[in-house]
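Here is a short tour of some side chains worth a look in the viewer. Keep the structure open as you read and turn to each residue as it comes up.

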Amino acid sequence: NSLYPSLPYDTRKDFAPVSLVATLPLVVAAPLATPANNMQELIAYAKANPDKLTYASAGNGNTSHLAVEMFKTETGTKMLHIPYKGSGPAVVAMLGNEVSFMFDSISTSYQQIKNGKLKALAVSGAKRSSILPNVPTIAETVPGFVVDGWYGILAPAGTPAAAVEKLSKAFNEA
């Protein structure tokens with residue numbers, strides 16, 4: 001409610017948690033022209049050039065936005081946020097050198113990284129990603145820094161406990 005105080009629902013009151021489905025790290029993707037090739041260089045550049053780096057997000061309050069805000073706090077850096085209407089337009093902005101980097105879903109940026117059109121500076125998970133095994137974690141530079149996106153299943157509040165339990169069991173088995 002802090003980010004969106006006028007939502008037509010209250011996530012804590014209007015939904016019942018059923019199951020965590022998946023967690024996934026983000027990738028710190030950047031255009032080839034970005035003056036950093038790893039997180040140490042990104043932090044050093046940001047500290048030497050406050051507000052010169054711009055970062056894209058998939059929208060205000062999105063994981064891609066909040067992860068960088070947390071990163072800025074942890075590293076004492078200042079960078080400018082450029083929100084987009086989704087990850088796709090943000091990746092297009094990186095390809096056009098409109099922004100310096102983005103904490104993005106690996107699934108969205110992977111093909112551009114694989115094809116050499118973007119570079120991967122780090123991943124945000126607790127361990128390296130099997131999809132990008134040569135890319136270090138942010139925590140290798142900023143100890144303890146871990147951000148995972150997650151997907152979960154919710155049911156409407158008031159769903160009978162037996163139904164929530166049955167759904168939860170089915171999702172966990174799947």
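Is His 65 buried or exposed? His 65 is buried, because its relative accessible area is 11% and the cut-off for buried is under 20%. Please keep in mind that this is a predicted model.

**Around His 65**

You will find His 65 in helix 3, which covers residues 63-75. A polar atom of the His 65 side chain lies 2.9 Å from the backbone nitrogen of Gly 61. If neighbours within four places in sequence are left aside, His 65 is in contact with Tyr 55, Ser 57, Gly 59, Asn 60 and His 81.

**The aromatic rings**

Next, the rings. The structure holds 6 aromatic pairs. One of them joins Phe 71 and Phe 103 in a tilted arrangement, 5.7 Å centre to centre and with 55 degrees between the planes. Phe 71 lies in helix 3 and Phe 103 in strand 4 (residues 101-105), so this pair ties together parts that are 32 residues apart in sequence. Phe 71 counts as buried, at 0% relative accessibility, and Phe 103 is buried with a relative accessible area of 0%. Phe 103 also forms a tilted pair with Phe 101, at 6.2 Å centre to centre and 55 degrees between the planes. Phe 101 is buried, as is Phe 103. Stepping back, ring pairs link Tyr 55, Phe 71, Phe 101, Phe 103 and Phe 145 into a cluster. Tyr 55 is also one of the residues in contact with His 65.

**A buried serine**

Where does Ser 124 sit? Ser 124 is found in the loop between strand 5 (118-123) and strand 6. Ser 124 is buried, with a relative accessible area of 0%. Its side chain reaches two backbone atoms: the nitrogen of Leu 26 at 2.8 Å and the oxygen of Val 147 at 2.4 Å. Not counting residues up to four places away in sequence, Ser 124 touches Pro 25, Leu 26, Ile 138, Phe 145, Val 146 and Val 147. Phe 145 in that list is also a member of the ring cluster.

**Salt bridges**

Side chains of opposite charge can pair when their charged atoms come close. How many salt bridges does the structure hold? The structure holds 2 salt bridges, and here they are side by side.

| Salt bridge | Closest N and O atoms |
|---|---|
| Lys 72 with Glu 69 | 3.3 Å apart |
| Arg 128 with Glu 140 | 2.9 Å apart |

Lys 72 and Glu 69 are separated by about one helical turn, because they are 3 residues apart in helix 3. Lys 72 is buried, with a relative accessible area of 15%, while Glu 69 is partly exposed at 27%.

Now for the other bridge, between Arg 128 and Glu 140. Both Arg 128 and Glu 140 lie in the loop between strand 5 and strand 6, so their pairing ties together parts that are 12 residues apart in sequence. Arg 128 counts as partly exposed at 38% relative accessibility, and Glu 140 counts as partly exposed at 44%.

**Out on the surface**

Last stop: a nonpolar patch on the surface is formed by Tyr 4, Leu 7, Tyr 9, Phe 15 and Leu 154, with about 450 Å² of accessible area together. Leu 154 is found in strand 6 (residues 148-156). Leu 154 is exposed, with a relative accessible area of 52%.

Notes
Residues are numbered from 1 along each chain as its sequence is written. This is a predicted model: local features need pLDDT of at least 70, side-chain atom pairs count only at pLDDT 80 or more; totals for chains, interfaces and linings use all residues. Side-chain values use heavy atoms; hydrogens and water are left out. Helices (H or I, at least four residues) and strands (E, at least two) are DSSP runs, numbered from the N terminus. Buried means under 20% relative accessible area, exposed over 50%, partly exposed in between (1.4 Å probe, protein chains only). A polar contact is a pair of N or O atoms within 3.5 Å; within protein, one must be able to donate a hydrogen and the other to accept it, and residues adjacent in sequence count only if both atoms are side-chain atoms. Contact means heavy atoms within 4.5 Å. Patches are made of residues with over 30% relative accessible area and no salt bridge: like charges are joined within 9 Å, nonpolar side chains (Val, Leu, Ile, Met, Phe, Trp, Tyr) within 5 Å. Accessible areas come from the Shrake-Rupley method with a 1.4 Å probe; for residues, only the protein chains shown count as cover. A salt bridge is a side-chain nitrogen of Lys or Arg within 4 Å of a carboxyl oxygen of Asp or Glu. Rings of Phe, Tyr and Trp (its six-membered ring) pair if their centres lie within 6.5 Å; planes under 30 degrees apart count as stacked, over 60 as edge-to-face and the rest as tilted.
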